[in-house]
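The following exercises ask the reader to describe a structure step by step. Please study the sequence and the structure before reading the solutions.

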2 protein chains.
Amino acid sequence: MSWRDNIIKIEPYVAGEQPNKTDFIKLNANENPYPPSPRVKEAVARFDTEHLKKYPSANAVPLVKAIAKREGLKPENVFAGNGTDDVLSLAFRAFFNSEKPIIFPDITYSFNTVWCDILKIPYETVPVDENFNISAEDYARENGGVVIANPNAPTSIGRDLTFIREILDCNRDSVVIIDEAYVDFGGTTAVPLLKEYDNLLITRTFSKSRSLAGMRLGWAMGSAELVAALYATKDSMNSYPVDSIAQSAGVASIEDEDYFQCTLKRVIATRERLTKELRAMGFSLPDSQTNFVFAAHPKYYAKEIFEYLKTKDIYVRWFNKPRIDNYLRITIGSDEETDALIAALKEFVKP
Amino acid sequence: MSWRDNIIKIEPYVAGEQPNKTDFIKLNANENPYPPSPRVKEAVARFDTEHLKKYPSANAVPLVKAIAKREGLKPENVFAGNGTDDVLSLAFRAFFNSEKPIIFPDITYSFNTVWCDILKIPYETVPVDENFNISAEDYARENGGVVIANPNAPTSIGRDLTFIREILDCNRDSVVIIDEAYVDFGGTTAVPLLKEYDNLLITRTFSKSRSLAGMRLGWAMGSAELVAALYATKDSMNSYPVDSIAQSAGVASIEDEDYFQCTLKRVIATRERLTKELRAMGFSLPDSQTNFVFAAHPKYYAKEIFEYLKTKDIYVRWFNKPRIDNYLRITIGSDEETDALIAALKEFVKP
């Protein structure tokens, strides 16, 4: 036996390309086209770097308090981490220790299967229907846990509280994770259900609606019992996941509700405009409740459009995966970026 | 079965206390008393927060390049993470997949056993001798991996290259991790051995010698093969562990060698003074190659001194653990903090 035999064998998650150049339009990672709140800028500028000599608040207490206040919860119901992926991987580890498979849609955030593989969690995927809709009754079955992204990615489709309640009512014995990474762009949050269901965990990110992908901040909300298990799991991996500057930046972002709402409105307006333009060009796409659209064209292969757009220095996301390999996931950029995208597509998609 | 039955049961790592007050002397987490380099201050102040809307470099490329340059390595030999604990937990996951137990000293960084528990890695501890010395020949046995902190914590004892080479020579079939968290304070680095041993992984942190505990930065160095496995493991848990500001701050720190050396000299000078003073008071302690000392007094229980110092608003570290429960681990603070510590101890330890 060599040491090589004991190295892990895994198929990692593949994020959107980060091309090694600067002059291109990046619509492949669902980043926000607008800067974070000016209060974030102030918070970073006035941060006294001498404080960096000390460890940060291990449980990110100032940030957790700010989030709890905004969401109408107690601090004991909130857990903050180094991006939602950090929070979700800890949640998978903390809650999915059954021998029964956890279940989630076949078309959803593709990191789910990667976490299951590395954490040795058995899983089964439940097919969405031909319109990419999730049927709540499909989740009324024995399982070791449930994970639903709402709105779902990469489909952009959001569901209402009745749907989430149906999922929860048939899963009283499982932890149900609702990943609300995109909820701010027009989705319906499950936060009101936290009072009723102590097995519900909701995750959120600062990367999309709060323009802080580069700051690595995400959080979870749930019963004090679930949140305590997340802290214990965190303290068994990496005690201080959120650095001091990120904690200050996060508080500043959360406290600027006006800027947040204003940015959301701009992204949503651009999305509605892009949706109309794409449909006029013959694309079919569901109504999006996110900061991206999920579009297919009856006459052109998605991969073909994807490659063409790259030649125009426009990067969108194409998944080489069954059922969705003829769709493009296109992030809502600025109005200028969207104009450039529309112009390029109009050139390609001849009527 | 309830969802509660599937929640993980774990005993997390316990870090040094973070008392909920500001006016006290904190010598319990091996933090640096001096601020980070002025270049870090500049890098944070001039960071354009608009960049935060985009994801950071997933593999922290600018930081990895700066580290590689300083250490005389290629970028492919360096991996950066969200603090050394993040890096070590990924390394345990990536490299320790044997059914044979990994081995490490019974007295060492106490996170090792926590990672083994949560990652289900079998382990055995190897007793250090009565003077807390590690014997290389004890590591000439079948194992699934080896982890040595050099200098070791909490003992403060460092060993030379001959010792590390002995460990490596009897472990050609295991990955050997040398944790060099404290090496800058007078220890001997194993970096020159990287050319010879492709199963050697060395870890470092920005938290101690670089005064950046609050920024969460650590790194690993090893063969391209080991480093590639770390990236794959990272990409299976959390793709972007190091935020954009932390990457800039890390580069600034690495590039200011003069300030770094100057701070190290000050800490070492204070350590030598404290060592003399403690010995004069009757404490016994090994010569430290770290930014802390590990001291016992023949006439007083360590816990008693620990509790007494708290009443004087001085926090040091006491471990309620076999073999070391009569020792205190005391961080080297500023000269003023050290004066206060010495004065308080002199009052307590009557001749």
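The model is predicted: local features need pLDDT of at least 70, side-chain atom pairs count only at pLDDT 80 or more, and totals for chains, interfaces and linings use all residues. Residues are numbered from 1 along each chain as its sequence is written, and chains are lettered from A and ligands numbered from 1 in the order in which they are written.

**Exercise 1.** Describe the overall build of chain A.

Solution. Begin with the secondary structure: chain A has 10 helices and 12 strands. Helices (H or I, at least four residues) and strands (E, at least two) are DSSP runs, numbered from the N terminus. Finally, turn to burial: 54% of the 351 residues of chain A count as buried, that is, with 20 or more other C-beta atoms, placed from the backbone, within 10 Å of their own.

**Exercise 2.** Determine how chain A and chain B are related and how they meet.

Solution. First, superpose the copies by least squares on the C-alpha atoms of residues with pLDDT of at least 70 in both. A rotation of 180 degrees with 0.0 Å of shift along its axis places chain A on chain B, with an RMSD of 0.0 Å. The two copies are thus related as by a two-fold rotation axis. The residue of chain A closest to this axis is A:Ala45, at 2.6 Å (C-alpha).

Second, examine the contact, for which C-beta atoms placed from the backbone must lie within 7 Å. On the side of chain A that touches chain B, α3(A) supplies the largest share, 6 residues. Since 100% of the interface residues of chain A are also interface residues in chain B, the copies meet through the same surface.

**Exercise 3.** Which strand order does the open sheet of 3 strands have?

Solution. The order is β9-β12-β11 in chain A, with antiparallel pairing; strands pair if DSSP finds at least two bridges between them. β9 (292–295) and β11 (317–318) of chain A stand at the edges, each with a single partner strand, so one side of each lacks a neighbour in the sheet. Between β9(A) and β12 (residues 328–331) of chain A there are 4 bridges. A:Val293 has A:Ile330 in β12(A) as its bridge partner.

Methods: Contact = placed C-beta atoms within 7 Å. Buried ≥ 20, exposed ≤ 12 C-beta atoms within 10 Å, placed from the backbone.
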